[in-house]
Amino acid sequence: MPRGKYWNEELETLPRGRLEELQLRQLKEELAHAYAGSPYYKRAWDAAGVSVGDIRELSDLERFPFINKLTQRETQGVGSFLGELAAVPEEDVVFISTSSGSTGVPTMSPFTKQDFDEFQDVESRWFWQAGMRPNDRYVHALNFSLYVGGPDVIGAQNLGALCVWGGTLPSERLLFVLKQYQPTCIWTSPSYAFYLGETALKTGIDPRKDLSINKIFVAGEMGGSIEATRKAIVDIWGAELFDFYGLSDIFGACAAQCEYHDGLHIAEDHILVETLDLKTDRALPPGERGELVYTTLRKKARPMIRFRTGDIGRFVPEKCPCGRTHGRIYVDGRKDDMFIVSAVNVYPSDIEYVIRSLPEVTNEYSVRIYESKFTTRYDVTVENAGLSGCGSDSRVSEIVTNALKARIGVRPSNVVVLPDGAMERSTHKAKRVIDERKVTYEI
Ligand SMILES: [Zn+2]
C-alpha cells in the first residue's frame, strides 16, 4: 500500500471520539490481561477493591492504584525471573532491555514478540512523521548495550531506509561514517549532537557543507525541546531537529515531534496519558502541568498500569495542524531533578534554557544543589565564551546571575566561570545536576 503523509493514516487521524473508544476497549482488555497474569496487579487491585468491571469510561481508571519505579524494583525477580508485574510466562518473552540504573537498581523491561513488533511499528511511525523515507540513509548512533533505544533502528529499517548501526562509535569513526557514506538522518542525544558538530568543525569538516545530514533525532535529555539548545544544534548542522521521547519501561520512543515542532505526539493507541496534580495526586484536566502517568494499552509481557513516570509536563489532546489527532506532550523536567529555592520550583531545564540563550557563555554548564544553614541553594558553573567586549569573568557571572533571576525568580548563590573548554564534554547522557543535599524533599 503506498503511504502518503502518514505511516498509518486511519489510526493517526482517528477523530478524538473514536480514538477514545479504541482506548477504552483496549484498556479493558489490558486490565483483564494484567489481572489474570500478574500476581502483583491481582493482589494490589483486590486490596484496593477495584476490578476491570469498574471501567465504564477512561476516567474510571483513576480508582486504580499507581505503580512507580520502586514497584518495578521490588517486584522484579520475585516468584519468577520476570517478577510479579509480568503477565506472561518467560517462554513468551523475546527481548529485555535494562535501564541505566543511574537512579538506583537497574530495572528490566520485557517484550513479547508482538510487543516488540508493535514497538518497532511505533518507531517507524515517528521516523515517517519526521519525514524519513525509503531513500534516506540513516545512522543510529545510540547505545545498543541493554538500552531500549538500541532496537529503534529496526523501525527505520522496516520503513525501508538504509540503516547503519552506528551505536556509540568514537567520534572520529562516526565522523568518518558521516563523510564516507553521506547519510541523511542521524539519532543521538542533544548534547552529543552538539559535541559532534563542534568536533567536526575542529577537524575541518563543516557539517553544513561537507555532510548530507538533513534530519537529526534526539532523545534522552531535555535539550531537544529547549529552543536555545535546538537552535545551537540546528545552526551547526543546518538540519531539522526532531525531539523524541522514550521510556525504558515502555518503548524506545513513546512520543515524537512532527514538522510543527510544537510538543511531541504520543502514541495514544498504545499509551493512555494522565496528568497528576503534584500535591494531591488527583488527575488534572488536559493542558495543566503535573506529573505524567502512563498506562500501556497493548503491552502483554509487562503491562504498566498507572505508571508514575516522575516526568513533569503537560498533555494537550487538541488536533495538531499536521492533521494527527493523537495528543501532544510537553515535558519540562524530572520531578527528581526539580528543586525548591525560597519556595520557587526550579527546573534544571529552565536553567539550561537561560544558559543556552546567552552568547557570553558556551553550552556547557553544571548545577550544584546544596544546603547551607538549612536552606536549599544552587550554584551554576559555566564557561566564558570569550566574547569580545565582555571578557571578564566577573562580568559574565553578573550576566548569568541576572538572566537566571529574571527567568527563574531566584538567583544562584554563586556563578562559577571557567575558561572555554575547561568542562568535560559529555558524549552521551550528560549529568549536569549534582544534588549534594542529605535530605530528599517531597514535592
Ligand atoms: Zn503534529
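Author: A residue counts as buried if 20 or more other C-beta atoms lie within 10 Å of its own, exposed if 12 or fewer, and partly exposed in between, with C-beta atoms placed from the backbone. Numbering starts from 1 along each chain as its sequence is written. The model is predicted: local features need pLDDT of at least 70, side-chain atom pairs count only at pLDDT 80 or more, and totals for chains, interfaces and linings use all residues.

Take α3, residues 39-48 (helices are DSSP runs of H or I, at least four residues; strands are runs of E, at least two; both are numbered from the N terminus). Tyr 40, Tyr 41, Ala 44 and Trp 45 are buried there. These four sit on the same side of α3, because they cover an arc of only 110 degrees around the axis (taken from the directions from the helix axis to the C-beta atoms). The face turned away from that buried side carries exposed residues: Arg 43, Asp 46 and Ala 47. The buried residues of α3 pack against α2 (16-37) and α4 (69-75) (contact means C-beta atoms, placed from the backbone, within 7 Å). Gly 49 follows α3, and its phi is positive, near 70 degrees.

Now the wider chain. It divides into domain 1 (1-334) and domain 2 (339-435), with bounds from an automatic or database domain assignment. Their C-alpha centres lie 30 Å apart. Across the boundary, 17 residues of domain 1 are in contact with 14 residues of domain 2. On the domain 1 side, α8 (190-202), α10 (227-237) and β13 (328-334) each give two or more residues. The largest share, four residues, comes from α8. That side divides into seven nonpolar, eight polar and two charged residues (nonpolar: Ala, Val, Leu, Ile, Met, Phe, Trp, Tyr, Cys and Pro; charged: Asp, Glu, Lys and Arg; polar: the others, Gly among them).

Two of these elements also pack on each other. α8 and α10 meet at about 35 degrees, axes 9 Å apart (axes are lines fitted to C-alpha atoms, for helices over the stretch in contact; angles run from 0 to 180 degrees between N-to-C directions). From α8 come Pro 190, Ala 193, Phe 194, Gly 197 and Glu 198. From α10 come Thr 229, Ala 232, Ile 233, Ile 236 and Trp 237. The contact holds seven nonpolar residues, two polar and one charged.

Notes
Contact = placed C-beta atoms within 7 Å.
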